[in-house]
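Please give a short report on this structure for someone who has not seen it before.

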Amino acid sequence: MSNWLDEVKFDSNGLVPAIAQHHQTGRVLMVAWMNRQALQLTAEKNQSVYYSRSRQKLWHKGEESGHFQTVHEIRLDCDADVIILQIEQHGGIACHTGRESCFYRKLTPQGWEIVDAQLRDPTAIYGASAKVEAHDHGQTEQVDVLNYLGRLMQQRKTAEADSSYIASLYKKGLNKILEKVGEESVETIIAAKDYAVLASLENKHDLIYEVADLWFHSIVMLGYFDLDPQVVLDELARRQGLSGLIEKANRSQEA
């Protein structure tokens, strides 16, 4: 019986493109390259191993970020020159920019528009080694995160429960959502206490990460009631210029 690797048509450089696709939603998360050894290790480990053309070495996805990919299935196309990996993306981030997918830009009449929000700051993942790719042209990427999340909540409310984490929360109902808000509140408090005592860079990143989790699950909760996150910003804006005492007094009068 011939080696299954012999049936793969690697190019003149000994490489084959590999597409990583979410095994439940079908979303394409990234495209990378594999040589024969990377593909073999991927099959053996059930974790994605790629080949970096720039560094000329094997690259175990997640070795720096911790965002490993569990491989559920490996497929080969009809011409035997493209690999598709059905994967579970740990940490929910496949892209080095801190997004779920590397395909976060959509073509519009105005050009390429960034439509996916950063789930985490790359410097919190990679530290000082985080870099901006040449295709970003040195421009700061901006996306209205709150509007993006508001739209996302409405989309996920009607999605299948197994299609995403958010959809599964909505399927489980308000009590589960509130339970997560409570959990994240406690974890934020613990992270703040740790940072107050130790004040290390790692503790700082942990605190930021936990606050992001708390805000995120609070937005999920707002979405349950069809409330857009912007209403919270509007309320904060309304309070600008008011002292805490005046604000408390106003709330008492309104009550």
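## Aromatic pairs

Tyrosine 224 is partly exposed, at 33% relative accessibility. The term has cut-offs: buried means under 20% relative accessible area, exposed over 50%, and partly exposed in between (1.4 Å probe, protein chains only). This is a predicted model, in which local features need pLDDT of at least 70 and side-chain atom pairs count only at pLDDT 80 or more, while totals for chains, interfaces and linings use all residues. Residues are numbered from 1 along each chain as its sequence is written, and side-chain values use heavy atoms, with hydrogens and water left out.

The structure holds two aromatic pairs. Rings of Phe, Tyr and Trp (its six-membered ring) pair if their centres lie within 6.5 Å; planes under 30 degrees apart count as stacked, over 60 as edge-to-face and the rest as tilted. Tyrosine 50 is buried, with a relative accessible area of 0%. Tyrosine 224 pairs with phenylalanine 225 in an edge-to-face arrangement, with 5.1 Å from centre to centre and 85 degrees between the planes. Phenylalanine 225 is partly exposed, at 44% relative accessible area.

## Salt bridges

How many salt bridges does the structure hold? There are nine. A salt bridge here is a side-chain nitrogen of Lys or Arg within 4 Å of a carboxyl oxygen of Asp or Glu. The table shows three of them.

| Nitrogen side | Oxygen side | N to O distance |
|---|---|---|
| Arginine 27 | Glutamate 100 | 2.8 Å |
| Lysine 157 | Aspartate 226 | 2.7 Å |
| Lysine 180 | Glutamate 183 | 3.2 Å |

Take the salt bridge of arginine 27 and glutamate 100. Arginine 27 lies in the loop between β1 (16-22) and β2, and glutamate 100 in the loop between β6 and β7 (105-108), so the pair ties together parts that are 73 residues apart in sequence. Helices (H or I, at least four residues) and strands (E, at least two) are DSSP runs, numbered from the N terminus. Arginine 27 is partly exposed at 26% relative accessibility. Glutamate 100 is also partly exposed, at 23%. Arg27 and Glu100 belong to a network of salt bridges with Asp116.

Next comes the salt bridge of lysine 157 and aspartate 226. Lysine 157 sits in helix α3 (residues 145-157) and aspartate 226 in the loop between α6 (201-224) and α7 (230-239), so this pair links parts 69 residues apart in sequence. Lysine 157 is partly exposed at 30%, whereas aspartate 226 is exposed at 52%.

Lysine 180 and glutamate 183 share helix α5 (residues 174-198). They are three residues apart, about one turn of the helix. Lysine 180 is buried at 15% relative accessibility, while glutamate 183 is partly exposed at 32%.

## Charges over rings

A charge sits over a ring if NZ of Lys or CZ of Arg is within 6 Å of the ring centre and within 35 degrees of the ring normal. Lysine 157 has its charged end over the ring of tyrosine 170, 5.9 Å from the centre. Arginine 99 lies over the face of tyrosine 104, 4.1 Å from the ring centre.

## The sheet

An open sheet has four strands in the order β2-β1-β6-β5, with mixed pairing. β2 (28-34) and β5 (69-76) stand at the edges with a single partner strand each, so one side of each is left without a neighbour in the sheet. Neighbouring strands are turned by 25 degrees against each other on average, direction ignored. For such angles, axes are lines fitted to C-alpha atoms, for helices over the stretch in contact, and angles run from 0 to 180 degrees between N-to-C directions.

Two strands pair if DSSP finds at least two bridges between them. β5 and β6 (residues 83-89) run antiparallel and are joined by seven bridges. Leucine 76 has isoleucine 83 of β6 as its bridge partner.

## Positive phi

Most residues other than glycine have a negative phi. Glutamine 56 has a positive phi near 55 degrees. Glutamine 56 lies in the loop between β3 (49-52) and β4 (57-60) and is exposed, at 55% relative accessible area. Alanine 199 also has a positive phi, near 55 degrees. The loop between α5 and α6 holds alanine 199, which is exposed at 53%.
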